[in-house]
Amino acid sequence: MFKLKKSQIPNILTIIRMILAIVVCVFLFVPFGNIIYHIKTDFRLSFLLAGILFAIASITDFLDGYLARKYNWVSDFGKLWDPIADKVLTNSVIIIFAIQGLVPGFVPVVFIARDTIVDATRMIASSKNIIIPANIFGKLKTMTMMISLVVVFFVLNSVDSTDLLYYWILQNGLVLISLLLSVMSGFIYVYKYIKLKK
């Protein structure tokens, strides 16, 4: 009989996050349920459920990292799949939001380009036995990105779109901040590799 070890909890949370990411994407792409009538805007039940599941998935990201650091429950599986789960969750949702016109179209392009460059740099560094420590901007980027997407899911639906400035700030402000942090963390990561290589 399979016996769960406490040290496996972060890995299980990572797997749950991957599964939730897929479910969230399905809910966003295949709308279902009656329209929920809000005071100012209306949205479908599937969009609301997708937002709730996305928020839960974001919490698992915080929890598995916290548990792994506090109790040293670090594993090779977690090192590989935790960042992948984060990217699948956030990048897939932001791509769908761009398709639906909820965020600017260039945003997912920049995020994916940055991730590709960083991942390629990480692979090259690994082949040369160079370890590049993570920087604080990368962690801030992930946190602000998840918060900004939660805002798009929930807060945006309670804002009057005729108040254009307030609407734009809520819709794009945090997303652009996370984009800036993402680019900064990418530059820092590549710079550290070049510096360590020399």
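Arginine 17 and aspartate 82 form a salt bridge in which the closest N and O atoms are 2.5 Å apart, a salt bridge being a side-chain nitrogen of Lys or Arg within 4 Å of a carboxyl oxygen of Asp or Glu. The pair links distant parts of the chain, with arginine 17 in helix α1 and aspartate 82 in helix α3, 65 residues apart. This is a predicted model, in which local features need pLDDT of at least 70 and side-chain atom pairs count only at pLDDT 80 or more, while totals for chains, interfaces and linings use all residues. Residues are numbered from 1 along each chain as its sequence is written, and side-chain values use heavy atoms, with hydrogens and water left out.

**Overall architecture**

- The protein has six helices and two strands, where helices (H or I, at least four residues) and strands (E, at least two) are DSSP runs numbered from the N terminus.
- Read along the sequence, these elements follow the pattern α-β-β-α-α-α-α-α.
- Of the 198 residues of the protein, 40% count as buried; buried means under 20% relative accessible area, exposed over 50% and partly exposed in between, with a 1.4 Å probe and protein chains only.
- Among contacts (heavy atoms within 4.5 Å) between residues at least 6 apart in sequence, 75% join residues at least 24 apart.
- The accessible surface of the protein comes to about 11600 Å², of which 72% belongs to carbon and sulfur atoms, the areas coming from the Shrake-Rupley method with a 1.4 Å probe.

**Salt bridges**

- The count of salt bridges in the model comes to eight.
- Aspartate 61 also forms a salt bridge with arginine 17, the closest N and O atoms being 3.8 Å apart; because aspartate 61 lies in helix α2 (residues 45-71) and arginine 17 in helix α1 (residues 9-29), this pair ties together parts that are 44 residues apart in sequence.
- Arginine 17 is buried, with a relative accessible area of 0%, and aspartate 61 is likewise buried, at 15%.
- In helix α4 (residues 106-127), aspartate 119 and arginine 122 lie three residues apart, about one turn of the helix, and their side chains meet in a salt bridge of 2.8 Å, N to O.
- Both of these residues count as partly exposed, aspartate 119 at 26% relative accessibility and arginine 122 at 38%.
- Salt bridges that share partners join Arg17, Asp61, Asp64, Asp82 and Asp86 into one network.

- Leaving aside neighbours within four places in sequence, phenylalanine 97 is in contact with Leu28, Phe47, Leu102, Val103, Leu149, Val152 and Phe153.

**Alanine 98**

- Alanine 98 is placed in helix α3 (residues 76-99) and is buried, with a relative accessible area of 19%.
- Not counting residues up to four places away in sequence, alanine 98 touches Val103, Pro104, Gly105 and Pro108.
- Alanine 98 and valine 109 are eleven residues apart in sequence, and their C-alpha atoms are 9.8 Å apart in space.
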